[in-house]
Number of protein chains: 2
Amino acid sequence: MVHGAPVYSSIPFGEYTHIDLSESKKVDGYIDFVSAVDIPDENQIGVIIPDQPLFADKTVRYIGDSIGFVVAETHDAAILAAKAVDIKYTEKTPYYSIDDSREATENFIHESNLACHHKVRKGDIHKGFEESDHIIEAQFVTPFQEHYYLEPQACIAIPNGPDKIKILGSIQCPFYIQKAIARVFDWPYENILVEQAPTGGAFGGKEDIPSEICARAAVAAMKIQRPIKVVYNRNDDVQLTSKRHPFQMHYKVGVKKDGTLISSEILLEENAGAYATLSTVVSYRSCAQAMGPYVIPNIHVDSNSYHTNLPTTGAFRGFGSPQAAFGHERMMDVIAEELGIEPMELRLKNILQPGDQTQTAQILNNSVGAEDTIREAAKLANWETYTPNNDGRYKYGLGMSAIHYGNCLGAAGWHMDGSGVNIKLFPNGNVHVAYGLIEMGQGSETVVRQMTAEALGVSIDRITVLPTNSAQVPDSGPAVASRNVVMTGNAIRNAAEKIQPILKKSAAELMGCKESNIDIKEDYVQDSDSGTKMMFHELCDYLSKSNMDMEFTGWWHTPELEYDAETGMGEAYFSYSFATQIAKVKVDSLTGQVDVQNIYAAYDVGKAINPSGIEGQVEGGSAQGIGWATTEDLKMQDGIVQTPNLTTYLLPTAMDSADVETAIVEKPEPEGPWGAKGIGEPSIIPTAGAVANAVSNAIGIQMNEIPLTPERVLNALNLRRLKQDIVSC
Amino acid sequence: MVHGAPVYSSIPFGEYTHIDLSESKKVDGYIDFVSAVDIPDENQIGVIIPDQPLFADKTVRYIGDSIGFVVAETHDAAILAAKAVDIKYTEKTPYYSIDDSREATENFIHESNLACHHKVRKGDIHKGFEESDHIIEAQFVTPFQEHYYLEPQACIAIPNGPDKIKILGSIQCPFYIQKAIARVFDWPYENILVEQAPTGGAFGGKEDIPSEICARAAVAAMKIQRPIKVVYNRNDDVQLTSKRHPFQMHYKVGVKKDGTLISSEILLEENAGAYATLSTVVSYRSCAQAMGPYVIPNIHVDSNSYHTNLPTTGAFRGFGSPQAAFGHERMMDVIAEELGIEPMELRLKNILQPGDQTQTAQILNNSVGAEDTIREAAKLANWETYTPNNDGRYKYGLGMSAIHYGNCLGAAGWHMDGSGVNIKLFPNGNVHVAYGLIEMGQGSETVVRQMTAEALGVSIDRITVLPTNSAQVPDSGPAVASRNVVMTGNAIRNAAEKIQPILKKSAAELMGCKESNIDIKEDYVQDSDSGTKMMFHELCDYLSKSNMDMEFTGWWHTPELEYDAETGMGEAYFSYSFATQIAKVKVDSLTGQVDVQNIYAAYDVGKAINPSGIEGQVEGGSAQGIGWATTEDLKMQDGIVQTPNLTTYLLPTAMDSADVETAIVEKPEPEGPWGAKGIGEPSIIPTAGAVANAVSNAIGIQMNEIPLTPERVLNALNLRRLKQDIVSC
């Protein structure tokens, strides 16, 4: 095994003109330098839009853009030799902000600076504004967020003959890696075996990025025909890999005096960084959910992603939803203040009910628990009776945030929204489940075990979930979009439908009774007529001895969707999760410090497969949301991340996180397994809006930009004091 | 990776009293010595009868019996340290021959010296003999045969945590290895992952033996928690591992004047070696097939296996059939001579026809091509007009041998006679097939590719057959008994039945036509109505994009059998292959040298899936049969193989093999895939009988014992000369 280290651009925008390896080669253990010239087929890694070379071909577009890859006998030698590569550049003027990128007329980062554009066109907004009693406008800004997963990006690539490779990695999407490497080598997908190593968190940061890293390792491994290990150090990881998109949002909403939403014109603008990566689907989701879980007859949304010479932005838990939710939930509070309507009342007046249309004109007949989540969260928070004493230094406030979240990949990703399982029974009654999605700390193995046990009627102790391996299951799409429970659960049920008749036939044979009388549950096989019982493992033993099939596949894909990309109208997603979070904050008016004390949450998950797991997700999602809303401040200067480590990039610690209480609402989704819907991403989506609403409520100032660092809060307080001083002058 | 070498008994029978490792430990690189005390659970490797410890617990029963296992840093150090282990014994008087073993009254090798016993009891043999015009008796003897596979026994064992292991080996039966290791550790089967390494020949010699070797390696690997590699050298391989059972056979047959078989009493006695291993199923098969493919109303067969203090005998291509076939086919020629009936006529008079009963009273209605194979082989050999000139030094002769072979495991092994496949389609139209049986040089991958292509209607170029891996397919039983075409072929067809409706539904969608009009063949998908066509890969691409299931399992088990073990009556096997071989030999009467010049063969395989493959099997089987019949002479002295290598154990070279011509007879088997039956073992079964019959025909002496070495032939010729001299005195 040898080791690899990335060689990357040290300028934000320009071309490299010369690569000098002489100093690198002096490093003891140096083996090789791999770059664009070593790529067998297509030098392209763009997951949706083909705009990103695997190794830069002259042009570099951010500090961190890949130029080459040094291979050495040890990790340290690889790092040292990579640093010693001397590269000469000609520089261009870089773009860092959305505004600069949008306004550019030449010197574009790609053919244009616009990475992608999505829209919704429903009703007649102009007529809607005319019919409104009030038209209210506001702007909102959200920042970068760094995933800061437990272990940095890492993989091992092992050549297997002239046209096959095995990849082991800390990854989210094994099948993306297959496709990426297949393209670079012009191999069929199946020549690339991908196994997921135990992965300690990913949050979207290991969705597409590992494809780059694994493909570069693969090129090097195939060239030198030795296994290669690549482990990024944290600084490189933060500088080179993707982040949450910063958004700037303009909301213009027309309302009746009673608070009824009539018309809305929304502009979302996103900083996409140097390459498109997943921006188009992030932008799609934020566009489709821009107005939140409310009825609105007239709405235009434009969602534009702009390239800048910064690290790419892409997948991050919520996938554009937390940003859009910050927009619509802050906007609801702005409207509530303007109209003098209690914020919960405003929400309840407009909230989606069964039979209502979403903003994309999709009629939701089932599993619409939006109102219940508002009422349940309000109950937990004692919303209606909360009256803090805000006379002193510390200001207290409550903020509410209600959201909906389209389950799975939706219309934009429908073509890859199918997942499979492979279930194998053993003579001792043990059951192995291979699945195509993955465990990354979210507890998917636990729910897969539960669902398999439930579907088969056996003890959970029998179930082993295998590490995900591309050879063991069909391409199951990406492990993203809170898909696991819904996709894998349904695939398990599909497999169980194939297994049950075989089990029942054999059991009836063995017990000498009718198949229709066989009942398999709680690890027992029972003849419901006579009451005779045997253990499940006895049945499996008989199955084995009587030569019955003991391996089964299961598959499920999301229902087909009718959706028009031109108008953004139709079935954006087949089903929606709903949630409300209420944040209780304490703001120190002397220092500007925000302390999020409580999160009161209510989630409509259709059916809670694992209530503790849901609580865990909400606790984790809230903590990550609180970090994004208050302490995490990813500072960039001249294209370089200034806060790459934990002493400068402040992830919330246990002390910074809130006390989270979660109520579960169960409005069964007919297409979900046992009625279930997704929870992973909904857990973070409402948090920042709730926190900002609570801070705004506490200090009486609309705080429309996060993170709510002490500096920003203090500035707002000082600005108001200054204005009051001016007024009182 | 470290290396292991076996430490084994140097005495044939007795107990070891002391193991001194002091000299071993001085070997540079010595790591550890593993023995019975290191076994976590059951010290037992007996595959059917639990009579064989994994590591001898005091008692040793042959020179080669396992005592321990030395682990060292290199292969050479392991061998050296294993040789340096000093073991003290107390010896007992050993048994080497069937006769000595049978007659023993004390000092048994196990509880008794009888390893197993099978019988057939049909009709009334005494009445049969009374009704017969002639009662003819003869005795036949067949020797050991060594598999002499290309590479010796070898495996790698890799510990994976505290209770899991991965095995990679040159093996025939991955699922046997799972079971063996599971027993030794008291683990569930699924904790043992077994992958087959490319295997160059096995012939039964890698059926059960690798279980011992892998289990010993596993015990050592788990103890020291390092991967271990074991590769036997050829001498150890020949001394330690199994052989073909030597048989001695007594046939007593009553016939009518016209040659009609009336009654038969057969005693088969087998030298089972030190442990039972697979003797009981070898004995079962030879017992069930003892009278060959002929109708006989009254028959008793007893088949007894006796323990001796020699290496074990077990599975070897044909599994007792070549021995029994040598018995019944020599017997037919003895009868023919006695009655003065032409040998082919005698066979045709008695040959099984559709509707006839086998010797176990099983009525065969379908796929009975026995007569055709006799006629086709005779045609190839010009049997009826062959009139050699035998006046000179060289004597020429033809010999015929007709056989039947029960397909798959039969009643004695029915409980494990099921096999599976896993078929995965890829968006590019490629197809992966994982199967539970294996490739060992017999061409199984080729027929699996063919059958998958045929079942799906696609080009064979699309099909990749994966190396066999216990995690990828269900327990498919052993890769023995000529099972692959039948078992895997039917499992493929079962999978295809699941795949076709999905393909057709999607094709109809894509082509806008009726599902029932879709025809998939020769890599095209056609609307038989409009004639519109597309390529198969276009359909797969659509399948992938429309989220359809692309992975499928298939399973098949042999039909249930009615069989009474007490009488040996009933359905011994669900179907039979039939074959006839005619050997043409040239015997040098001066030296006794036998030259098998031609083999004319005809095989009823039901349906020839791969005619070239069948010819290849017949050529290989004939060569191996010729070796067994003429040159291969495994000499044992005091329990030690005297002929362990190729300079002393004479495998037939290309020059020793015959020119083989094969006619294929196709009598479709309704349960076989496309009508097919097995060919792997039938290819060797008739050869030795044909050769011995031809030599007997050439020299005019009944040669009832093989191998027909020059010494044996010359002795027979000299004996006759001596007798003639005595008569002429």
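I started with overall size. Chain A has 729 residues, and a compact globule of that length would have a radius of gyration near 27 Å; chain A has 27 Å, so the two agree. That radius is taken over C-alpha atoms, and the globule rule is 2.2 Å times the number of residues to the power 0.38. The C-alpha atoms of chain A fill a box of roughly 95 × 75 × 45 Å along the principal axes.

Ground rules, before I go on. This is a predicted model, where local features need pLDDT of at least 70, side-chain atom pairs count only at pLDDT 80 or more, and totals for chains, interfaces and linings use all residues. Residues are numbered from 1 along each chain as its sequence is written, chains are lettered from A and ligands numbered from 1 in the order in which they are written, and side-chain values use heavy atoms, with hydrogens and water left out.

**Elements and domains**

I find 17 helices and 30 strands in chain A. These are DSSP runs numbered from the N terminus: helices are H or I with at least four residues, strands are E with at least two.

**Domain 1 against domain 3, chain A**

I looked at this pair next. In contact (heavy atoms within 4.5 Å) are 19 residues of domain 1 and 18 residues of domain 3. Together they bury about 1300 Å², 56% of it on carbon and sulfur atoms. Buried area is the accessible area (1.4 Å probe) that two parts lose on being put together, summed over both. On the domain 1 side, A:Gln172, A:Phe175 and A:Gln196 lose the most area to domain 3, together 48% of what that side buries.

How many salt bridges cross the interface of domain 1 and domain 3? I get 1, with the rule being a side-chain nitrogen of Lys or Arg within 4 Å of a carboxyl oxygen of Asp or Glu. The side chains of A:Lys179 and A:Asp475 meet in a salt bridge at 2.9 Å, N to O. On the domain 1 side, helix H5 (174-185) and strand S11 (192-196) of chain A are the elements that give two or more residues.

**Chain B against chain A**

Here 32 residues of chain B are in contact with 32 residues of chain A. The buried area is about 2700 Å², with carbon and sulfur atoms giving 48%. In chain B, B:Glu190, B:Asn547 and B:Glu551 lose the most area to chain A, together 25% of what that side buries. On the chain B side, S17 (418-425), H15 (536-545) and S23 (551-557) each supply at least two residues, and S23(B) gives the most, with 5 residues.

Which bond joins A:Ile706 and A:Pro707? A cis peptide bond, with omega about 0°. A:Pro707 sits in the loop between H16 (687-699) and H17 (710-728) of chain A. In chain B, a cis peptide bond joins B:Ile706 and B:Pro707, with omega about 5°. I also noted A:Trp674, which has a positive phi of about 55° although it is not a glycine. A:Trp674 is in the loop between strand S30 (659-665) and H16 of chain A.
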